[in-house]
Number of protein chains: 2
Amino acid sequence: MAKEAAMSRRLYRFGLLTLFVAWISAAVAQTDPLPSWNDGPAKQAIIAFVTDTTRAGSPDFIPEPERIATFDNDGTLWIEQPAYVQLAFALDRIKALAPQHPEWKDEQPFKAVLEGDMAALAASGEHGAVAILAATHAGMTNEEFRKIVKEWLAAAKHPRFDRRYDELVYQPMLEVLAFMRANGFKTFIVSGGGAEFMRAFAEERYGIPPEQIVGSRIVTKFERRNGQPSLFRLPRVDFVDDGPGKPVGIEQQIGRRPVAAFGNSDGDLEMLQWTTETGNRRLGVIVHHTDGDREYAYDRGPIFGGLDKALEAAALDRWIVVDMKRDWKTVFPPEKR
Amino acid sequence: MAKEAAMSRRLYRFGLLTLFVAWISAAVAQTDPLPSWNDGPAKQAIIAFVTDTTRAGSPDFIPEPERIATFDNDGTLWIEQPAYVQLAFALDRIKALAPQHPEWKDEQPFKAVLEGDMAALAASGEHGAVAILAATHAGMTNEEFRKIVKEWLAAAKHPRFDRRYDELVYQPMLEVLAFMRANGFKTFIVSGGGAEFMRAFAEERYGIPPEQIVGSRIVTKFERRNGQPSLFRLPRVDFVDDGPGKPVGIEQQIGRRPVAAFGNSDGDLEMLQWTTETGNRRLGVIVHHTDGDREYAYDRGPIFGGLDKALEAAALDRWIVVDMKRDWKTVFPPEKR
């Protein structure tokens, strides 16, 4: 009996210890705001910035209305290889519209798209790009365009990962968005991509509402169509939100200088400079794509966006360079079953 | 003794009654979200809209992210007579800069401004307007411009009311802004005025942050000045946020169709149509300036903005026309002592 009692006590103590260990792990997991990030300088720097700028009495304290954080989209929040998603959309859209345009079989750049001749497409240059933009992004209302994008996103699959494009968002960055919002930061997308294209999915995927999306624009015109007021998309570029255009777009739409900015290419250089070169505690982050196994390893975007200048400036301006391979425990969210 | 006791009881009952009356008045005052509005159809319609679209289970329920309310500024949130405030700023600014520009004494439109010759100023037409815009709104960074506007607002006085311009905001509209925000609406300014001009005071006066201000814009350019990244204002109009430009500006910046819109002139016509012509419960409001004693009585803005089309459309689209004289108990907030 005494032996059994001792055993029972040991088991009880062991059980209690196990329970404590489990509790502590759970508590740590709960308080880790970035569970998909490996411990390291990038994760530490992001957490330290948020902690130091939101703690009352901190010398780096930033009042809540000024907590504006801006995020590039392509290559920063979601995948941009082997092609920008919006380009994949445009090429698919040409194919979908081709039956209504028999003349495209003999007309560049459409011929190149329909035959999958990427060299000929590239050779069509700016004229080709404008023709594709006009055929796929204009000639309808904004509402119609967003519906087309939504339907495409629901059907299209990434060629390598065989998943919806809007599932190929970066899990570690979703955690950064949530973590910053939980600490009173207002998160904005500031992307070279089209604002209306991103508005078709950003609220659902990133929790970022349409009014917090800054992007490139084509001209829209207010007019009545079938008696209804509508905004009709014209085949003319209005604003390119890239490079030096990013601070301009930020000022147009947000009207306040960000205190944190995230990018992944030279197209984000000026946004990062505008955000961080103030003399105050600021956060600049560059996502460096170093993981060919789990995603892609590259220093240039599919068309635009080298990273030379931005990496050079990163050292100078003390931006955080995220090494995807080293810093990210996982890349994409788990697949929905 | 009996007499005294009866008196005391009477006094007690009277006191209690008085107290009750005071309590009830206080409770009513507390629950009246629009105390500066007289009871009447306008006040009732605004309260009914907010109540009906925010009550769970209501057939007119609007989910919180979609509760976008847009407000014109000049003549809707603050005074616009005898001149648009931004025009008063520009003319004062010309006078302040004149010592550095001796040539202005002989050069139109500056000569007209310096001599107070409004006929000559009007005769200078578009050329004159652009010259004044360039001299007063461009050639500096956005930050410098906002500082200049703030300093002017702190010093300038309205010619009739002898108060700071940003004290001549409409108290009843401040209450509408607060009431709607308390019910989950996000309030935006959508004005023909300059976005950067409004950003100099709107957060403090209206509680509307810079990122919720849509306005007209001049071109800005990102460049380094004295080594610092800056946004420099160029003397070129980029976007006019008026008339059919308002739905365009709303879509560019908010990316979501409003569910309530407030204006006071034909410049707000398309915004009101875009907001209300959806087949769903929506709110369109026109502030009609009918009170020459307490403010001004007019059907045209100082330069733009008749009200004929908007009043006609108001009947058709069932917008609420606020009769300032009838509907507003007070016009301006009490003076700060």
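Author: Rings of Phe, Tyr and Trp count as a pair if their centres lie within 6.5 Å. In this predicted model, such ring pairs link W78(A), F89(A), F145(A), W152(A), Y165(A), F197(A), F201(A) and Y206(A) into a cluster.

Reader: How many aromatic pairs are found over all chains, and why is the pair of W37(B) and W328(B) described as it is?

Author: A search of the whole structure finds 32 aromatic pairs over all chains. For W37(B) and W328(B), the ring centres are 5.8 Å apart and the planes stand at 75°; planes over 60 degrees apart count as edge-to-face, so this pair is edge-to-face.

Reader: What makes the pair of W37(B) and W328(B) a tie between parts of chain B, and are the two residues buried or exposed?

Author: W37(B) sits in the loop between α1 (2–31) and α2 (41–54) of chain B, while W328(B) belongs to the segment after α14 (324–327) of chain B, so the pair ties together parts that are 291 residues apart in sequence. W37(B) and W328(B) are both buried.

Reader: How do you know whether W104(B) and F110(B) are stacked or edge-to-face?

Author: Their ring centres lie 4.3 Å apart with the planes at 10°, and since planes under 30 degrees apart count as stacked, the pair of W104(B) and F110(B) is stacked. Both W104(B) and F110(B) are buried.

Reader: Turning to the contact between the chains, how many residues does each of chain A and chain B give, and what area is buried?

Author: Chain A gives 39 residues to the contact, and chain B gives 39 residues. The area buried between chain A and chain B is about 3100 Å², with carbon and sulfur atoms giving 46% of this area. On the side of chain A, E211(A), F222(A) and Q252(A) supply 20% of the area that the chain buries against chain B, which is more than any other three residues.

Reader: Why is the pair of E211(A) and R256(B) called a salt bridge, and how many salt bridges are counted between chain A and chain B?

Author: The closest N and O atoms of E211(A) and R256(B) are 3.2 Å apart, and a salt bridge needs a side-chain nitrogen of Lys or Arg within 4 Å of a carboxyl oxygen of Asp or Glu, so the pair meets the cut-off. Between chain A and chain B the count is 12 salt bridges, and there are 26 residue pairs in polar contact. Several elements of chain A give two or more residues to the side that touches chain B, including α7 (142–155), β3 (213–225) and α12 (269–276). By class, that side of chain A has 13 nonpolar, 10 polar and 16 charged residues.

Reader: What makes the salt bridge of R257(B) and E143(A) one that crosses between chains, and why does E143(A) count as it does for accessibility?

Author: The closest N and O atoms of R257(B) and E143(A) are 3.4 Å apart. R257(B) is placed in the loop between α11 (245–253) and β5 (260–263) of chain B, and E143(A) in helix α7 of chain A. The relative accessibility of E143(A) is 52%, and values over 50% count as exposed, so E143(A) is exposed.

Reader: Where do K246(B) and D72(B) lie, and are they buried or exposed?

Author: The side chains of K246(B) and D72(B) meet in a salt bridge at 3.0 Å, N to O. K246(B) lies in helix α11 of chain B and D72(B) in the loop between β1 (68–71) and α3 (85–97) of chain B, so the pair ties together parts that are 174 residues apart in sequence. Both K246(B) and D72(B) are buried.

Reader: How do you know whether Q81(A) is buried or exposed?

Author: The relative accessible area of Q81(A) is 11%, and a residue under 20% is buried, so Q81(A) is buried. Q81(A) is found in the loop between β1 (68–71) and α3 (85–97) of chain A, and, leaving aside neighbours within four places in sequence, Q81(A) is in contact with residues including H158(A), Y296(A) and R300(A).

Key: Residues numbered from 1 in each chain as written. Chains lettered and ligands numbered in written order. Predicted model: local features only at pLDDT ≥ 70, side-chain atom pairs only at ≥ 80, totals over all residues. Heavy atoms only, no water. Contact = heavy atoms within 4.5 Å. Buried area = accessible area lost by both parts, 1.4 Å probe. Polar contact = N/O pair within 3.5 Å; in protein donor to acceptor, adjacent residues only side chain to side chain. Helix = DSSP H or I, 4+ residues; strand = E, 2+ residues; numbered from the N terminus. Nonpolar A, V, L, I, M, F, W, Y, C, P; charged D, E, K, R; others polar. Phe/Tyr/Trp six-rings, centres within 6.5 Å; stacked < 30°, edge-to-face > 60°. Buried < 20%, exposed > 50% of the residue type's maximum accessible area, 1.4 Å probe, protein only.
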